[in-house]
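Here are my notes on the model, as numbered points. Please read them with the structure open.

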Amino acid sequence: MTEAPWRIETDPDPVACADLLAAAFAREPAVTWICGGSASARTHWFRDTLRTHAGLAGARRTALADADGRLLAAAVLTPPGATPAAGARTLWAARTLLRSGPRALGRTLRYLGATEGGAPAGAWTLEFIGVRPALTGRGAGRALLDHVLSAVPAGAGIHLTTADPSNVPLYHHFGFATLNETRLGPLTITAMTHPPTTAPT
């Protein structure tokens, strides 16, 4: 029996996840709209966002790692109803303004304003999932998403938004359904949901 080329990590380092996601989202429409073409702004944006996210009670980061511990793919999930406290939001905004610039701060707030509150009651939110660019198309993203879907508590669905039209049929393949579409500047943001897993009887 061949050993899998990766293993699941359930509490990977947030900075390592942020750096992987910054590379994975280099051409993703929403992140490009928010951060422009600056790799530095994008990296700081992910680092500051995941640093804030890590402070949420019940927040989850999950990754695939190789035998040497290098992250190959990462996913970030928010539990139902969890939002940063006012102080954490203020600190995130200050860091984002300083490190990624006013455009990134303003457009992130516009994106959040257009999408927040759209998750069905009781659903987890899949904030980000990304694969190291050199591994695209090799099954790492599928393996991680399969794990995420199986690891969410029974009876809870998963909600996500994507501004990349090519992601929509991919998520449909994994059992997500489209809820609605929202226009924001040049973006078409698709909200999607995966039905709850069956609770044990």
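**Notes on the predicted model**

1. The largest nonpolar core has 27 residues, and Leu21, Trp45, Phe46, Leu50, Phe128 and Leu187 touch the most other members. A nonpolar core here is a set of buried Ala, Val, Leu, Ile, Met, Phe, Trp, Tyr and Cys residues joined through side-chain atoms within 4.5 Å. Buried means under 20% relative accessible area, exposed over 50%, and partly exposed in between (1.4 Å probe, protein chains only). Two or more residues of this core come from each of helices H1 (14-24), H2 (29-35), H3 (39-53) and H5 (102-115), and from each of strands S2 (60-65), S3 (71-78) and S7 (187-194). Helices (H or I, at least four residues) and strands (E, at least two) are DSSP runs, numbered from the N terminus.

2. The model is predicted: local features need pLDDT of at least 70, side-chain atom pairs count only at pLDDT 80 or more, and totals for chains, interfaces and linings use all residues. Residues are numbered from 1 along each chain as its sequence is written, and side-chain values use heavy atoms, with hydrogens and water left out.

3. What does phenylalanine 46 contact, leaving aside its neighbours within four places in sequence? The partners are Ala18, Leu21, Ala22, Phe25, Val31 and Phe128. Contact means heavy atoms within 4.5 Å.

4. Aspartate 66 sits in the loop between S2 and S3. Aspartate 66 counts as buried because its relative accessibility is 16%. Its side chain reaches the backbone nitrogen of aspartate 68 at 2.9 Å. A polar atom of that side chain also lies 2.9 Å from the backbone nitrogen of arginine 70. Leaving aside neighbours within four places in sequence, aspartate 66 is in contact with Pro5, Arg7 and Leu72.

5. Alanine 26 is in the loop between H1 and H2. At 26% relative accessibility, alanine 26 counts as partly exposed. Alanine 26 and arginine 42 are 16 residues apart in sequence, yet 7.8 Å apart in space, C-alpha to C-alpha. Beyond neighbours within four places in sequence, alanine 26 is in contact with Thr32 and Arg42.

Key:
Polar contact = N/O pair within 3.5 Å; in protein donor to acceptor, adjacent residues only side chain to side chain.
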